[in-house]
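Welcome! Let's take a look at this structure together, one question at a time.

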Amino acid sequence: MNKQVTRNIFRAVFILAIQVILLKRNLTLGEFNYVHLTVYSIIIAMLPYNWNRTLIILLGFVTGLFVDLFYDSIGVHAGATTFIAYVRYYILNWMAPTEGYKKDSLTAYQLGVPWFLTYMSIIIFLHLIFLYSLEAFSFVYLKEIILRTVFSFIASLFLVMFGSLIFNPKY
Amino acid sequence: MRNLLYLIFRFSAFLAFLVLELICFHLIVNYNKSQGEIWAHSSNLFVGSINARSQKVEDFFELNQKNDSLLLENAKLLETILNFRMTSENNAFQEFEKTLQDSTLDYQLIPANVVSKTIHLRNNYLTLSKGKSDGLKVGMGVLGKNGVIGIIKSLSDNYATVLLILNSQSRTSVKILNKEYHGNLVWESSDPRLMNLKDVPRHANISKGDTIVTSGYSISYPANVHLGTIDAINYVKGSNSYDIDVKLDYDLSNISYAYVVTFQKKEEKETIVELQDE
């Protein structure tokens, strides 16, 4: 139990540092700037299954707010991450394996790579589309929102896949 | 009462979600409106110092490149001065140089390092490594080696947040060189090299390729600072003005240092503008 908490804290610090220091310096390919690596939503996605829902939502808010400080976009990331923390419960229930979640940790090691990738792609996609909608704050920029979401989604998912294959955490 | 408590407990997750989401909306909307939320910006001391540190590491690897570009810029300036001195009539330039030594200039530049920036979002900002303690003030203009960068939006003691021209809230007063028509430059595209020029009247005789420079009407920038050229002229139905696409001549994605413009006669100009408004 205690190990689970420390692992989650360590993971959060590590991913947040990568997000705000490395991934923020974006790769802009000339005029094509739709790829923004945004992977920190997996911090919230990988919190243990049995934790209190309200606590997870609060943690989502705090995480988003922290990222906002670095992106100069107070409220935008916080809103999107809070949303993810809220819908996580429904996604997990919907995706529950037939025998239920035996261990509480939601990792590829415990639940298998296919399950993990499906779960992550749903979370990252929802996070990104909510994020860019909030950022634009109107649906006038619908085309832009969709382009950004699609390209960022593909790139971010690849990064998450690489990360989880390299580290392959137990908890 | 017990039922109410039970209800709150049962829906606590949803309530937390709702409340936090409302807070986020409030933050987003307020942040887009008001100018005074310094705590929210990267000029905030803690975030600023982390940004500055990570930039230092990056600077270390790009030091040579930066040096070369500074050297080039210096050579270019020296070249301009030398040629100007040779060609100016009646020693006008020499006269001007003499006055430089015994009087202070109207416009002075404070150099600063860029410690953090974004250019790919809808609202882009940049953080400079100088702040209040270096004499910077909110509203001062920021120039790069080739053109306009933005305006200082908020300050802490050692850092400043700059509202880039690549921001939906940015509005720059510009004119078309040699034609004296003036308009406002805004950013509506997602392309960091393309700006939109508004409020140029329909009767204006303009053509593709015309140069856009700052008007000097605002107190932030001096007049005639280079920005870009007209890329396309669009007609909006039922409107009295053009919608012009302006291509910036410089790349905002690779700036690593900037100059803050301080205007000595700022107060004087401000009072006269205020009088006009009354």
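This is a predicted model: local features need pLDDT of at least 70, side-chain atom pairs count only at pLDDT 80 or more; totals for chains, interfaces and linings use all residues.

Q: In what order do the 6 strands of chain B close into a barrel?
A: The barrel belongs to chain B, and its strands pair in an antiparallel way. From one strand to the next, the twist averages 45°. Going around, the strand order is 6-7-8-11-10-9.

Q: Which residue of strand 9 in chain B is the bridge partner of K175(B)?
A: Strand 6 (residues 172–176) and strand 9 (residues 211–214) of chain B run antiparallel and are joined by 3 bridges. For K175(B), the bridge partner in strand 9 is V213(B).

Q: How much area is buried between chain A and chain B?
A: Contact here involves 36 residues of chain A and 37 residues of chain B. Carbon and sulfur atoms give 64% of the buried area. The total buried between the two chains is about 3,400 Å².

Q: Which residues of chain A lose the most area to chain B?
A: Three residues stand out, together making up 20% of what the chain A side buries. They are R25(A), D72(A) and I74(A).

Q: Which element gives the most residues to the side of chain A that touches chain B?
A: Helix 3 (53–71), helix 4 (76–94), helix 6 (113–136) and helix 7 (142–167) of chain A each give two or more residues to that side. By class, the side has 19 nonpolar, 9 polar and 8 charged residues. With 9 residues, the element that gives the most is helix 3 of chain A.

Q: How many salt bridges are counted between chain A and chain B?
A: For polar contact, the count between these chains is 1 residue pair, with both residues at pLDDT 80 or more. For salt bridges, the count is 0.

How values were computed: Residues are numbered from 1 along each chain as its sequence is written. Chains are lettered from A and ligands numbered from 1 in the order in which they are written. Side-chain values use heavy atoms; hydrogens and water are left out. Two strands pair if DSSP finds at least two bridges between them. Helices (H or I, at least four residues) and strands (E, at least two) are DSSP runs, numbered from the N terminus. Axes are lines fitted to C-alpha atoms, for helices over the stretch in contact, and angles run from 0 to 180 degrees between N-to-C directions. Contact means heavy atoms within 4.5 Å. Buried area is the accessible area (1.4 Å probe) that two parts lose on being put together, summed over both. A salt bridge is a side-chain nitrogen of Lys or Arg within 4 Å of a carboxyl oxygen of Asp or Glu. A polar contact is a pair of N or O atoms within 3.5 Å; within protein, one must be able to donate a hydrogen and the other to accept it, and residues adjacent in sequence count only if both atoms are side-chain atoms. Ala, Val, Leu, Ile, Met, Phe, Trp, Tyr, Cys and Pro count as nonpolar, Asp, Glu, Lys and Arg as charged, and the others, Gly among them, as polar.
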